Amino acid sequence: MRIVFCGTPQFAVPSLKFLLTQKEFEIVSVYTQPDRPRGRGQEISFSPVKEVAVAAGLDVQQPAKVRAPEVEEHLRSVAPDAIVIIAYGQIIPARLLPIPRLGWINLHASLLPKYRGAAPIQWAIASGETVTGNTTMRIDAGMDTGEMLLQEELRIGTEETAPELAGRLAEIGAPLMAKTLRGLAAGELVGRAQEHDGATMAPMLKREDGRIEWGRTATEIFNRMRGFAPWPGAYTEFRGQICHLRGKPVAGTGAGEPGMVLLEKDGMRVVCAAGSLLEITHVKQEGRKEISAGEFVRGTRVVSGERFGK
């Protein structure tokens with residue numbers, strides 16, 4: 001089976017590597033986002049998918065805009081049976097969808113129709129889900145609205161963060177993609193329409209999503225801390241400065257308004273909605289390195305009764 005592979009971040013890498021090991025698949029070309037400056041030094045670097053493709057000696061295409069006429073020409077010339085698309089980073093124009101005879105096959109990191117959009121892993125954790133999974137689907141002109149092919153569930157760890165869950169979903173998604181392609185090639189796999197009434201959205205994260213609302217319960221805040229790691233993180237104000245926090249809910253209740261600090265022997269807890277308590281484990285003030293909550297209390301001379309937030 002001739003395959004064009006479209007992907008950019010680390011999440012797509014396990015599927016590319018796995019398909020390369022399967023003798024019935026031939027990766028005829030790889031599409032990924034253009035090289036961009038990354039890191040503190042802003043050095044131009046390859047995407048994770050390009051690194052794998054180059055090491056495997058594959059043809060690599062990096063169009064600034066996938067809707068450019070030369071992209072259509074190239075895809076028609078390589079005549080793929082299927083195009084695998086995983087976190088590519090560009091919306092595919094409708095005129096390109098009929099090119100592969102088996103369609104554009106996407107691995108989406110949620111149990112569709114829940115969490116359509118750019119950040120399904122982050123929003124599933126932030127929303128307190130305990131189960132998620134992968135869906136393979138044939139993309140159409142909508143946003144994650146195409147017919148579903150296969151699904152596989154995965155439980156979310158009680159303290160699991162978005163990067164940790166993404167790594168696990170990526171690994172189990174690789175054989176699921178291969179199984180999907182085999183089923184389509186054999187004519188044994190029939191897509192099924194999504195129940196659009198049950199759809200929820202998982203939009204691209206914004207910095208403001210990380211602002212802690214102390215009117216939420218400690219568990220709700222903790223879920224958002226896990227889901228929004230490493231960016232935008234979970235942040236609040238203290239004495240006019242932005243502080244990024246890490247922590248976890250603890251048993252018991254505390255008196256006081258949401259956001260109020262209660263000092264402990266070597267740290268602090270913060271009162272949240274309904275008196276629930278969030279134990280702060282780490283604090284990072286803007287422009288400084290992350291330190292333990294105990295170090296923050298001693299160095300900043302925090303007083304019980306002070307408040308986080310505006």
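**The whole protein**

Begin with the entire model, which is predicted. Its secondary structure consists of 7 helices and 15 strands. Along the principal axes, the C-alpha atoms occupy a box of roughly 70 × 45 × 30 Å. Of the 310 residues, 50% are buried. If contacts are displayed for residues at least 6 apart in sequence, 67% of them join residues at least 24 apart.

Next, switch to a surface view. The accessible surface is about 15100 Å², and carbon and sulfur atoms account for 52% of that area. Colouring by charge brings up 38 positive and 36 negative charges, whose mean positions lie 4 Å apart.

Select residues 48-55, which form helix 2. Which residues of this helix are buried? They are Val-49, Lys-50, Val-52 and Ala-53. These residues lie on the same side of helix 2, because they cover an arc of only 160 degrees around the axis.

Then proceed to Gly-57, which follows helix 2 and has a positive phi, near 75 degrees.

Select residues 235-238, strand 10, and show the side chains. Tyr-235 and Glu-237 point one way, whereas Thr-236 and Phe-238 point the other way. All four of these residues are buried. The arrangement follows a general rule: in a regular strand the side chains alternate between the two faces of the sheet.

Across the pair, Glu-237 stands opposite Ile-242 of strand 11. The hairpin has 2 residues between its strands, and Arg-239 adopts a positive phi near 50 degrees.

**Gly-215**

Finally, select Gly-215, in the loop that connects helix 5 (162-185) with helix 6 (218-227). Is this residue buried or exposed? Gly-215 has a relative accessible area of 60% and is therefore exposed, the cut-off being over 50%.

With residues up to four places away in sequence left out, Gly-215 touches Pro-258 and Ala-273. To end the tour, draw a distance from Gly-215 to Ile-85: these residues are 130 apart along the chain, and their C-alpha atoms are separated by 40 Å.

Conventions:
Residues numbered from 1 in each chain as written. Predicted model: local features only at pLDDT ≥ 70, side-chain atom pairs only at ≥ 80, totals over all residues. Heavy atoms only, no water. Helix = DSSP H or I, 4+ residues; strand = E, 2+ residues; numbered from the N terminus. Buried < 20%, exposed > 50% of the residue type's maximum accessible area, 1.4 Å probe, protein only. Contact = heavy atoms within 4.5 Å. Areas by Shrake-Rupley, 256 points an atom, 1.4 Å probe, with all protein chains shown as cover. Lys, Arg positive; Asp, Glu negative; His and termini not counted. Charge placed at Lys NZ, Arg CZ, Asp CG, Glu CD. Pairing = 2+ DSSP bridges. Arc of directions from axis to C-beta.
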